[in-house]
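Here are a few friendly notes to read alongside the model. Take them in order, with the structure open beside you.

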Amino acid sequence: MGWINKWRSNMVLRNMAADIFGRSAYSRTPGNFVSYFQYKIGDYRPDHYLYFPKEPYRERYNNEFFNKLCEYKGYDIIHFLEFHFSAYPDQHDFLQFLHYELSDRMQMKITETKLKKLQSAFEWVQEKQQEWKESQKGIIKQEIEQGVREIFTDQPAPNPAEVEQFMQKLSAQLGDYIDKLMAETEERMSSITERLPAGRIELNNRNHEEKIIQLLILWQQVQAPPELARAEQLFKKFTAMDIATILHLHFEAFRDNKIPTLQKKVGEQNERLKMNHPPVKKLVEALQTFFYGK
């Protein structure tokens, strides 16, 4: 056992170091990571690859991807994501990784411009996940249809017209069955959600629904004033998914909306928020004063 491992095995020293320097579960061994994104060793170039002067370790590799993503804007963000997505063999794994990485990074203390770019990437991930879900349904149908065709092939000279008619009928029934199965799964999830403790908050004026979402977004983004030594955020973790869940569980006006739908609404309202608009600016300052004083 090396001296570093001996040192880490001492609980007193390990805890002292964690209190002073912080602690990370991630290795700094170069190349010890899953390469979700295409990269090269060499001088930086203005293309979609990631560039490093030498083999990076995991944290530096991931950080460079998100730093480079934020160099782009608008539709160029999508081109950048598609470049890496199309090259990775397991698309579902890629989307899962990016989903949780983006969710985590959007809770960090970052500029509003960078946050909006990460949100654009997150919306792309959600669209791709829905496309992947639909493609899986198609694959299941094709596999079952192929199995049935093979059964007919083993039978003595079936009538081609009858086989085709049967396959069309089977395909329609399979589509209905898969849709029903997925709908039942969503219903089960909804029924579990409905059994959770929930409020019955009702608005007097439904015109205020969008303002309620914007208010929760502003509350989510409260942070200490810059003059404090630690310009920390009020919440260590508070995602768009959390806002969507609060709306779904506790507000009557949003109860009929599914959480993914509400999450999309949260993203839309975040884009509409004008932080320099006087009422919004005053509210942000008031929330900051309420929690941190001056």
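How many helices and strands are there in the protein chain?

1. Let's begin with the overall make-up. This is a predicted model, and its protein chain holds 11 helices and two strands.

2. Next, the chain as a whole. It has 294 residues, of which 31% count as buried. The exposed surface comes to about 19900 Å², with carbon and sulfur atoms supplying 54% of that area. Among contacts with a separation of 6 or more, 60% are between residues 24 or more positions apart.

3. Now please look at one pair of helices. Helix 9 covers residues 240-250 and helix 10 covers residues 259-272. Their axes come within 8 Å and cross at roughly 120°. Because of that angle, helix 9 is oblique to helix 10; the range counted as roughly perpendicular is 65 to 115 degrees. The crossing of these two helices is right-handed.

4. Which residues of helix 9 and helix 10 meet? From helix 9 come Ala240, Met241, Ile243, Ala244, Thr245, Leu247 and His248. Their partners in helix 10 are Ile259, Leu262, Gln263 and Val266. Sorted by class, this contact has eight nonpolar residues, three polar ones and no charged ones.

Key
Residues are numbered from 1 along each chain as its sequence is written. This is a predicted model: local features need pLDDT of at least 70, side-chain atom pairs count only at pLDDT 80 or more; totals for chains, interfaces and linings use all residues. Side-chain values use heavy atoms; hydrogens and water are left out. Axes are lines fitted to C-alpha atoms, for helices over the stretch in contact, and angles run from 0 to 180 degrees between N-to-C directions. Helices (H or I, at least four residues) and strands (E, at least two) are DSSP runs, numbered from the N terminus. Angles under 35 degrees count as roughly parallel, over 145 as roughly antiparallel, 65 to 115 as roughly perpendicular and the rest as oblique. A crossing is left-handed if the near helix is turned anticlockwise from the far one by less than a right angle, and right-handed if clockwise. Contact means heavy atoms within 4.5 Å. Ala, Val, Leu, Ile, Met, Phe, Trp, Tyr, Cys and Pro count as nonpolar, Asp, Glu, Lys and Arg as charged, and the others, Gly among them, as polar. Buried means under 20% relative accessible area, exposed over 50%, partly exposed in between (1.4 Å probe, protein chains only). Accessible areas come from the Shrake-Rupley method with a 1.4 Å probe; for residues, only the protein chains shown count as cover.
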